Amino acid sequence: MINPLPPQFIFLLGGLLIPLFRGWVRTAFMLFLPVLAFYNYLLLEEGTYWTATILGFDLILGRVDGLSLIFLNVFIVITFIGIIYNSHVRGRMEHFSAFLYSGSALGVILAGDLITFFVFWELLTVGASFLLLVRKTARSLGAAVRYTLVHVLGGLVLLAGILLHIHQTGSTGFGQIGLNGLPGYLIFFGFGLNCAWPFLHSWLTATYPESTAGGIVFMATFTTKTANYALLRGFPGEPSLIWIGTAMATFPIFYAVIENDLRKVLAYSLINQVGFMVVGIGIGTGLAMNGSAAHVYSDILFKALLFMAVGAVLYRTGKTKATELGGLFRSMPFTGVCCIIGAASISAFPLFSGFASKSIIMSAAAEGHLTVIWLLLLFASAGVFHHAGIKIPFFAFFSHDSGIRVKEAPWNMRIAMGLAALACIAIGTFPHQTIYPLLPFEAPVYQPYTFSHVMAQSLLLIFSALAFTLLLLSGIYPSEIRSVNIDSDWLYRRGGAFFYRIFDRSLNGINAMAHKTVVAGLTGALARFAAAGPARLANFLLSGYWALTGKTAQQRDHLRTAVMINLEKGALPVGLAALVAVVVLGVLFFI
Amino acid sequence: MSDASHRPKAAKIVIKLLFAACVTGFLIDFLFLSSRFDKHAVFEWENWPGFYAVFGFVACVALVLVAKYVLRPLVMRDEDYYD
């Protein structure tokens, strides 16, 4: 038997070698890495690989079971597609960052203990920040800084939770954690921040649209999906996740309807889809969690496909705003068709991937008799078609003709989009031959293709399309406006500036006052006192003695001047100083 | 401006196809009503004819109206708000 190599190190170390190659050799090398990783993935069997003991802690770099295998599979597949899509990029930094990012994600998935998990979890942030920085615009720089700050905060909370958890349980193992006690809540929050929970989500919508055309393929995949993995592993069946997930599935669609930047629309719909997965984790039955895992797989592919299509538009036109685009289908028909396939998949049209995966979560919610949740998720399903399924292709490729005439996307982008599109159709049409065998939890085999289910979903979607059409024709549909819609990132973008001003005024005021009184005032006074004080004291004491010994006023003035000069310069005879010291010590002794 | 007569031919065809699909879908839902009862619908309303059609339509209209008339006035700012 061949010993498999750790896939995460194939990416991390392979990424370091990228600068050694140029041109097509580099592309070939970069494509070889995911192929090699996938080959080693195929060699893995359930069990434990690559362990080490450092400082008395057992580190497990390869915990392999059904749950880690399905995530490994899709992460390696999307890295392969992303590399193809991005292979025209010359900058080495972008490729290196992509491998750092995806290698860290594989490390998180394979980590069997919380220490290894945390190290790779933090590396994810580093990789993602680098990927944002390579765009080299002022906005992407700002986005990278905000991204890093938010995730460092989340990382610190997670670290505190992990340390307390290890202290409490005496074990570094990463299994079910559960919400019992402070450590559980801290870890829960740390996972939730990366998972883009409501109010913790705006790092995602504010930063992803600032990344490069290809970088966003990786960004849309790794951070939120590793968080899904962590929740599946640590908090399966945690009931609060049902409501958190439902909130995630519903509120972003309102934002998506009025958002102008198409990549930001997709970022909101990313949260919406992750919401479905979180609901599945919260329900916690085998069927529900299989639904979450299946939806992770299909979501990574269709979301990447949509981001790649809009990215190709960005690459060719330099624009991503609905107000500036439109009528591109004649120029970029292949990209347009891929975008429509991605849109059909995210909307869960029968024969497309979302249908095979999202339905499992819906069925699990129905089986659990979660009536309100089910109705809200159904609303979110209709809404996602509305804002992502129709809006993205419509405003980019159809709508009014923007007059932009460009070339079709480069061949490498077309290959990548074509592969992702094929995968979306294959998963949707043949789920039993593609993703269902990979599902990790015990549950009866799910049958998405029943007459009533296909009918129900089709009716839901075509009548959503009817609503869109009628609203558009009647002029009620909100026209796209160049604007910014404030979200919870306001707290640290404008609110941050507000706090900055308050603290600037108050703390700097205190500082100035302290300078005036202490540095300029008190210190000077002390220095003057230290120099002249003893002399004045000595004069004060001696003037009485001089008066008693019958010195004339003139003599006293003369003596006073001499004492002042001697004491201020410290030029007293040594004997006299010693005598004073002895007297002082004697007084102290008797007191 | 939104008048259908100004729209290109292809768009008109798409709109007609959509209307046709809606009517057909709705009819099939009624005609095969009986076949739905043997499927294990969990909620009662899943068996109501046209439930999904009406839900999809109403949900989307509500979504757009709330987004346009409630959310947008609350959150929309100039494009350079943060700059």
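Predicted model: local features only at pLDDT ≥ 70, side-chain atom pairs only at ≥ 80, totals over all residues.
Modeller: Local features need pLDDT of at least 70, side-chain atom pairs count only at pLDDT 80 or more, and totals for chains, interfaces and linings use all residues. Residues are numbered from 1 along each chain as its sequence is written, chains are lettered from A and ligands numbered from 1 in the order in which they are written, and side-chain values use heavy atoms, without hydrogens and water.

Biologist: How many salt bridges are there between chain B and chain A?

Modeller: A salt bridge is a side-chain nitrogen of Lys or Arg within 4 Å of a carboxyl oxygen of Asp or Glu. Between chain B and chain A the count is zero.

Biologist: Which residue of β1(B) is the bridge partner of Asn485(A)?

Modeller: Strands are DSSP runs of E, at least two residues long, numbered from the N terminus, and two strands pair if DSSP finds at least two bridges between them. Strand β3 (residues 484-485) of chain A pairs with β1(B) in the antiparallel sense over two bridges. The partner of Asn485(A) in β1(B) is Met76(B).

Biologist: How many salt bridges are there between domain 1 of chain A and domain 2 of chain A?

Modeller: Domain bounds come from an automatic or database domain assignment, which gives domain 1 as 1-235 and domain 2 as 236-484. Asp299(A) forms a salt bridge with Lys225(A), with the closest N and O atoms 3.1 Å apart. The count between the two domains is one.

Methods:
Helix = DSSP H or I, 4+ residues; strand = E, 2+ residues; numbered from the N terminus.
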